[in-house]
Amino acid sequence: MIASYYNNYYLSNFVSSLSNSKYNKTVSIQSYINVYPILNILVQEGFIYNYKNQQNNNILLYLKHFKNKPVINRINLISTLSKIKTITFLDLKKHIMYSKGSLLILSTNFGILSGSEAYKKKIGGILLLKIN
């Protein structure tokens, strides 16, 4: 339970930091081990340019903008400690077919994956984030 609280605390801080500073070119977030797979997915999917570690245990994110508007319009934390949302492979298939432009990030048996990666592996998982 302590590990779950720890992860949820840092994930909610990550979401609020991105939401509050999406119009900036860069944002500094607190570093913790489970944020790196999420950052790699955001780079692969084109939502941020890149990130780099800073000396003060923070990570500097380089946010992407298109025509002076942020690429990340909205980021939502889906699962919380009190309410864990899961998605099956079939529901994931429907989401991918009908929700163009949004990104799901899941926690699966294969680690933290994007919705499209989980779909390719034909698995579901716990919904962590939804990004539009």
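**Fold, cores and strand pairing of a predicted chain**

Glutamine 30 counts as partly exposed, because its relative accessibility is 39% (buried is under 20% relative accessible area, exposed is over 50%, and partly exposed lies in between, with a 1.4 Å probe and protein chains only). The structure is a predicted model, in which local features need pLDDT of at least 70, side-chain atom pairs count only at pLDDT 80 or more, and totals for chains, interfaces and linings use all residues. Residues are numbered from 1 along each chain as its sequence is written, and side-chain values use heavy atoms, with hydrogens and water left out.

Glutamine 30 belongs to strand S1. Tyr10, Asn57 and Asn58 are touched by glutamine 30, when residues up to four places away in sequence are not counted (contact means heavy atoms within 4.5 Å). Isoleucine 126 is 96 residues from glutamine 30 along the chain, and their C-alpha atoms are separated by 23 Å.

The protein chain contains four helices and 10 strands (DSSP runs numbered from the N terminus: helices are H or I of at least four residues, strands are E of at least two). Their order along the sequence is α-β-α-β-β-β-β-β-β-α-β-β-α-β. The radius of gyration is 15 Å, close to the 14 Å that the globule rule gives for 132 residues, so the protein chain is as compact as a globular protein of that length. The radius is taken over C-alpha atoms, and the rule is 2.2 Å times the number of residues to the power 0.38. The C-alpha trace spans about 40 × 40 × 20 Å along its principal axes.

Of the 132 residues, 37% count as buried. The protein chain exposes about 8,100 Å², and carbon and sulfur atoms supply 52% of that area (Shrake-Rupley method, 1.4 Å probe; for residues, only the protein chains shown count as cover). Among contacts between residues at least 6 apart in sequence, 61% join residues at least 24 apart.

The largest nonpolar core has 26 residues (a set of buried Ala, Val, Leu, Ile, Met, Phe, Trp, Tyr and Cys residues joined through side-chain atoms within 4.5 Å). Those with the most contacts inside this core are Phe14, Leu18, Leu39, Leu42, Leu61, Ile105 and Leu129. At least two core residues come from each of helix H1 (2–20), S1 (26–30), helix H2 (35–44), S2 (48–53), S3 (58–63), S8 and S10 (125–131). Phenylalanine 14 touches Ile29, Val35, Ile38, Leu39, Leu42, Leu61, Ile75 and Leu129, with residues up to four places away in sequence not counted. Another core lies apart from the largest one.

Strand S8 is largely enclosed by the rest of the structure, because five of its six residues are buried. S8 and S9 (residues 111–114) run antiparallel and are joined by four bridges (strands pair if DSSP finds at least two bridges between them). The two strands form a hairpin with two residues between them. Threonine 108 stands opposite glycine 111 in S9. S8 also pairs with S10, in the antiparallel sense, over five bridges. Isoleucine 105 stands opposite serine 114 in S9 and opposite leucine 129 in S10.

Serine 102 sits in the loop between helix H3 (89–98) and S8 (103–108). The side chains of serine 102 and histidine 95 make a polar contact of 3.5 Å. Such a contact is a pair of N or O atoms within 3.5 Å; within protein, one must be able to donate a hydrogen and the other to accept it, and residues adjacent in sequence count only if both atoms are side-chain atoms. The serine 102 side chain also reaches the backbone oxygen of serine 99 at 3.5 Å. Not counting residues up to four places away in sequence, serine 102 touches His95, Lys130, Ile131 and Asn132.
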